[in-house]
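Please work through the exercises below with the sequence and the model at hand. Each task is followed by a stepwise solution.

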Amino acid sequence: MKKLLYPRLAWQSMRKNGRLYKPYILTCIGMVAVFFILFSLSESEVIASMPRGSGAAMAVMALGSWVLGIFSLIFLFYTNSFLIRRRNREFGLYNVLGMGKRNIARILLWENLIIAALSLAAGLFLGIALSKLSELGLLKLINADATLGFSVSLHSVAVTAALFAVIFALQYISSLFKISISKPVELLRSENAGEKPPKGNVLLGVLGIALLGGAYYLSVSIEQPLTALSLFFVAVIMVIVGSYLVFISGSVLLCRLLQKNKRYYYNKRHFVSVSGMAYRMKRNGAGLASICILVTMVLVMISSTSCLYFGADDSLNTLYPRDVNLSFLFDEKTSSVVDEEIANIRRSIDEICADAGMSNPISIRTASASGLLRDGNITTDPTNVDNLDLTVDYDDVVNVEFIPLSDYNEATGENRKLSSGEALVYGMRIDYDFDTLSIDGSRPLRVVDTLDDFPQYGGQNVTYVVPTVFVVIPDFLDYCTEVLTDINDADGKLYVRWYYSFDTELSGDEEDVLFEKLLDGLSLDLSSAVNIDYDCISFNIASRDSNRQDFFEAFGSLLFLGIMLSLVFTLAAVLIIYYKQICEGYEDRRRYEIMQSVGMTKQEIRKSINSQLLTVFFLPLLFAGLHLSFAFPFINKILLMFNFNNLGLLIGVTALSFVLFALLYTVVYRMTGNAYYKIVSEKDDRN
């Protein structure tokens with residue numbers, strides 16, 4: 001019997017504190033299951049055997065599993081602190097009754113063993129049971145064929161069990177440390193000891209507001225996608241720290257202001273709730289900030305990954321405007337692009353594709369360079385570019401693409417006319433407002449018109465992470481020859497390319513066959529071509545159909561991961577809300593008993609509770625909406641790097657995500673509010 005004493009005490013204690021342990025164990029089970037599903041998908045033989053490969057999907061699942069693993073470690077430590085704090089009085093009582101800290105350590109050991117066993121057994125069972133359904137869901141999102149076979153990855157089981165065993169072991173060690181440094185009297189009085197509002201809250205609040213303001217300013221002021229990507233995580237850290245400081249200090253300040261408002265404070269609906277909040281706002285503010293950050297993470301993930309997935313066709317059509325897209329890169333030291341040679345290559349392509357039903361062809365020659373744009377002059381000297389100050393000069397970095405007027409007119413069906421030295425300009429992700437344009441100061445061009453649109457030819461690399469200026473000129477060959485010489489003298493580079501795209505009447509499989517024919521035929525033709533003035537150093541063939549699967553594999557796996565992590569983060573936010581209400585309910589129960597003894601009715605208690613919850617409960621949601629609004633420019637710019645440029649879809653998805661989550665948040669508010677009311681309405685049998 002003595003051997004079973006500690007397991008029985010542990011089990012009885014967990015049953016007695018079921019309100020605390022049941023949600024915690026369910027959360028552990030959920031995290032074990034989701035981690036197993038993500039990790040097993042990263043090793044799935046079905047995904048690995050996909051015909052076109054599976055690198056993107058498996059890499060995304062692997063990354064997601066370890067992100068979840070790190071989050072599980074942090075979050076379970078955070079929630080375990082609620083359990084230990086609530087149990088302090090119980091541990092103090094054990095100590096007073098003669099149990100030493102070693103005996104309490106044994107009880108904690110058995111509790112951790114029971115929780116770990118339940119969590120791993122149920123979590124792995126649930127993960128294995130749902131793994132095939134999850135695999136089918138992922139395959140559906142990435143447009144891959146599903147299989148009916150079922151297998152369990154023992155390696156995934158072992159990794160999941162090992163990870164969470166380590167997490168539970170670390171939690172046990174942390175709990176032992178907290179108990180070891182506490183005195184029995186402190187443990188007995190821990191729940192009755194009020195928390196003092198943090199000192200210097202005004203300074204902390206000002207610092208928090210400054211951090212949030214700085215992050216918001218970065219979001220709305222940054223213009224270029226690459227800058228947005230590089231500073232996004234800096235802004236995230238600023239928002240997280242700023243949110244904690246504002247909630248901790250701001251909540252204290254809010255309570256003080258409410259207490260100074262005598263008309264509000266000395267009201268039976270508000271007196272108990274405000275006075276109770278004022279002495280625990282440091283912890284309360286941290287909890288509210290955690291909820292706010294988790295809600296923001298969910299909204300950002302769902303809105304961005306949904307937009308990428310549902311906008312995949314738009315991105316695909318932008319990058320590949322025709323069924324077949326070819327590009328040829330020429331030696332930058334070539335003095336010109338010879339029309340006759342391009343005609344020979346085009347003739348070879350047309351012969352190979354004679355039976356493909358070619359239509360809507362577009363042929364574009366370009367000459368491109370990169371440099372710093374200042375007052376209408378683009379400096380290509382790599383010395384200047386390499387030494388630029390990214391915090392000051394980065395927005396001046398541009399690509400420039402020169403296009404022949406004849407090619408532009410053929411592609412658009414227009415009949416524009418330009419004289420020598422004149423140009424039409426179109427800015428992608430940049431507003432070009434200079435009257436002239438020159439490269440390294442040579443032969444400036446007069447801008448006669450700025451274009452509102454530009455033809456998509458599958459080659460004006462819309463994936464550029466810096467702005468691009470497209471310049472249409474009448475004397476393409478002569479201008480390129482002159483500018484090329486100047487750039488070479490400055491050790492810069494001018495890249496000359498020819499793009500040729502067209503549609504076909506072929507099916508996907510037939511297009512793959514044509515792809516191979518083009519690859520073989522052009523390789524032979526170009527390798528046998530010998531011409532001093534013409535030197536094609538590489539070429540690329542891209543098919544819209546052949547790249548479709550790659551797009552949906554990448555974006556579909558990101559959406560799947562976004563859904564899975566959003567479920568976990570939502571569960572985490574709900575658990576924090578629940579524990580916040582439960583712990584505060586136990587702390588406030590004695591206060592409400594006193595108020596009932598002096599005449600406060602249960603209906604008045606309900607109104608007071610609603611006042612307290614409404615005072616602070618919806619603040620995290622409101623702040624999350626504020627964070628999301630200012631994060632919107634960041635998200636939009638980063639999505640541009642994935643060729644997503646559908647602003648209307650992004651606005652709609654973001655707004656819908658916020659509305660749906662607000663409804664879920666309201667439901668959680670009602671449920672946890674009822675739990676809080678039940679606790680404060682009960683008699684405290686421990687007094």
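The model is predicted, with local features requiring pLDDT of at least 70 and side-chain atom pairs pLDDT 80 or more, while totals for chains, interfaces and linings use all residues. Residues are numbered from 1 along each chain as its sequence is written, and side-chain values use heavy atoms, without hydrogens and water.

**Exercise 1.** State the average pLDDT of the chain and locate stretches under 50.

*Solution.* pLDDT is the predictor's confidence in each residue, from 0 to 100. The chain averages 78, and 74% of the residues score at least 70. Residues 385-392 stay under 50 and have 7 contacts (heavy atoms within 4.5 Å) beyond four places in sequence. Residues 529-534 are also below 50, with 8 contacts beyond near neighbours in sequence. Where pLDDT is low, the predicted coordinates should not be read in detail.

**Exercise 2.** Determine which strands pair with E9.

*Solution.* Strands (E, at least two residues) and helices (H or I, at least four) are DSSP runs numbered from the N terminus; pairing requires at least two DSSP bridges. E9 spans residues 495-503. Strand E1 (residues 324-330) joins E9 antiparallel over 7 bridges; asparagine 325 is bridged to serine 501. Strand E2 (residues 359-374) is likewise antiparallel to E9, over 8 bridges, and serine 363 has tyrosine 500 as its partner.

**Exercise 3.** Classify the residues of the contact of H2 with H6.

*Solution.* In H2 (residues 18-42) and H6 (residues 154-180), the residues that meet include Phe35 from H2 and Leu163 from H6. The contact divides into 12 nonpolar (Ala, Val, Leu, Ile, Met, Phe, Trp, Tyr, Cys, Pro), 5 polar (the others, Gly among them) and no charged (Asp, Glu, Lys, Arg) residues.

Definitions and conventions
Buried < 20%, exposed > 50% of the residue type's maximum accessible area, 1.4 Å probe, protein only. Axes fitted to C-alpha atoms, helices over the stretch in contact; angles between N-to-C directions.
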